[in-house]
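Please look over the sequence and the model below, and then read this short report on two of the spaces found among the atoms.

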Amino acid sequence: MDRTHIIPPTLEQRTHLRRQLKAFVQTQRLCPPVSLRQLEQLADLFTGCHAECSDMRPWLMVEIHNQIWLPVVAGIPYERRLLMLPKCLSRYGECQAEFDEYGLLCHRCGRCHIPRLQDMADQLGGLSIVAEGFTQVIELIERRAVDAVIGVSCLDSLEKAFPLLVRHAVPGLAIALNDSGCRNTHVDEDYVEELLTLLSDDVTPRQLDHEAIHEQVSHWFTRPELEQLMDAGSPSTGGGWADAPTLRVCLDWMSGEGKRWRPFLLSAVWQALTGKTEMTPDVHRAAVAVECFHKASLIHDDVEDQDAERYGQPTINALYGDAFAINAGDALLGLGYRILSQGNNAELLRLIADAHVRLCRGQGEELMWDGRPVTMDRVMTIFRNKTVPAFEVSLMLGLSCTGGYAHLRPMLSAYSDALGIAYQLKDDMEDHAQDRRKTTHPTAVLALQTEHPTWNQREVQAELQRMTDFYHQQAIDALNGLEQLELKRLLYQVTERILK
């Protein structure tokens, strides 16, 4: 948003513009969430036909955002909504209310309209708070205490809070105060009441329960579950797991600590598209297999880079030597393929194999570096072949397990490309900032130092940040045409968590 915070001066003008914006948004066929950049573009498109509104861009963005989310919020039960009001609606110098950790404790003295709005929310069965800032809202959403927020705030505060709500894909409606300042402000109360009482027969599906998906995925990687799955379909284990040192190490490596982003993402994509919570055997097998390949790549990577530590623990090669580590990595690859072969979905095998070959290609490009000056083009090629497939394969496997949605592949591929590059740039940037300089393989830092030999560390860091932000936005832009609400929300939230 820009910093010219001009609001239509009269209620009549605001109401008229809201009607026009509703009609405008209905012509755009938009599925929430939408990015700040897209909101800016939509506001500019609207002002192209309504020049008199050209200085109201922030207000227009808020109202466009409302119109996009209205059908979703209307389908969320009242008891799953939160009304958030600012303290500045109270009468300055007259308010006798106290504050606790959650906000203002209204005495309902009748001097302002806060209690009337809170009472309306309460009568509908919703929650209400009087507080500043939207951080608490994000926490309530993540704890699944509420599913939507209706917030009143000044445009100055919305300018700070809006990016937070957009990036976290929070279903929300925002009502800007009609005046600035922090005392005795006013809001279009009828409009707030209208948004509070919205209710649709088209029930909005509950947001994915990320915690439940994480718990299910974690259960799959307990030792008994892994033993059962990895042993299935095997003609013989040569005496069982306890007598096979390589397989025992593989089990230890697979069942150890880890974020397990890839299995989570695969499972969440499948749930978002199917609306089901009971995972199928195909999803289970694909989730474990993709982690087998990821863990195998880490073992081989540690051998190739001669790393002695990973996650603060000794690497497999440090504990048992390079030859044994290579063998353990190969065993995990074989186990991954065997797990996938237990199902009837041949496409899963093809997707994994393609990602495997691309990863090896990228790793080979990295290993063949001879220390000569490296270009950014070459670094990007390595990123696209080594880092991008790790994100893309999880999305594509989740998609394949649904048995449909093939038309989404190009969009998710473009998203994965931008996300993978942004992730690797962020990693290089953090290494550079903390002076963990990598000189054994090509990095974005080395490429920038080659192409701009006069740049100092601060200039290199600034360019890395600019590039990371650019590819971050590219990832979000790739989702603009996505029409599946829960999948789009999931990918917005995943992007935020990975790149925050």
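Which helices each supply at least two residues of the lining of the second largest pocket? In this predicted model, the helices that do so are α1 (11-26), α3 (57-74), α7 (189-196) and α21 (485-499). Of these, α1 gives the most to that lining, with seven residues.

The second largest pocket has a volume of about 760 Å³, and of the 30 residues that line it, those closest to its centre are K22, Q67, L70, P71 and L198. When the lining of this pocket is sorted by class, 16 residues are nonpolar, four are polar and 10 are charged.

The structure also holds two cavities of 30 Å³ or more, and the second largest cavity contains about 70 Å³ of space. Its lining is made up of Y78, R81, L82, L83, A121, L124, G126, L127, I150 and L196. Two elements, β1 (81-85) and α4 (114-124), each supply at least two residues of the lining of this cavity, and β1 gives the most, with three residues.

The table sets out the two spaces side by side.

| Space | Volume | Classes of lining residues |
|---|---|---|
| Second largest cavity | about 70 Å³ | eight nonpolar, one polar, one charged residues |

Conventions. Residues are numbered from 1 along each chain as its sequence is written. This is a predicted model: local features need pLDDT of at least 70, side-chain atom pairs count only at pLDDT 80 or more; totals for chains, interfaces and linings use all residues. Side-chain values use heavy atoms; hydrogens and water are left out. On a 1 Å grid over the protein atoms alone, a cavity is a set of points where a 1.4 Å probe fits but cannot get out, and a pocket is an open set with protein on both sides within 12 Å along at least five of seven lines; lining residues have an atom within 4 Å of a point. Grid points are joined across faces, edges and corners, and a volume is the space filled by probe spheres set on the points. Helices (H or I, at least four residues) and strands (E, at least two) are DSSP runs, numbered from the N terminus. Ala, Val, Leu, Ile, Met, Phe, Trp, Tyr, Cys and Pro count as nonpolar, Asp, Glu, Lys and Arg as charged, and the others, Gly among them, as polar.
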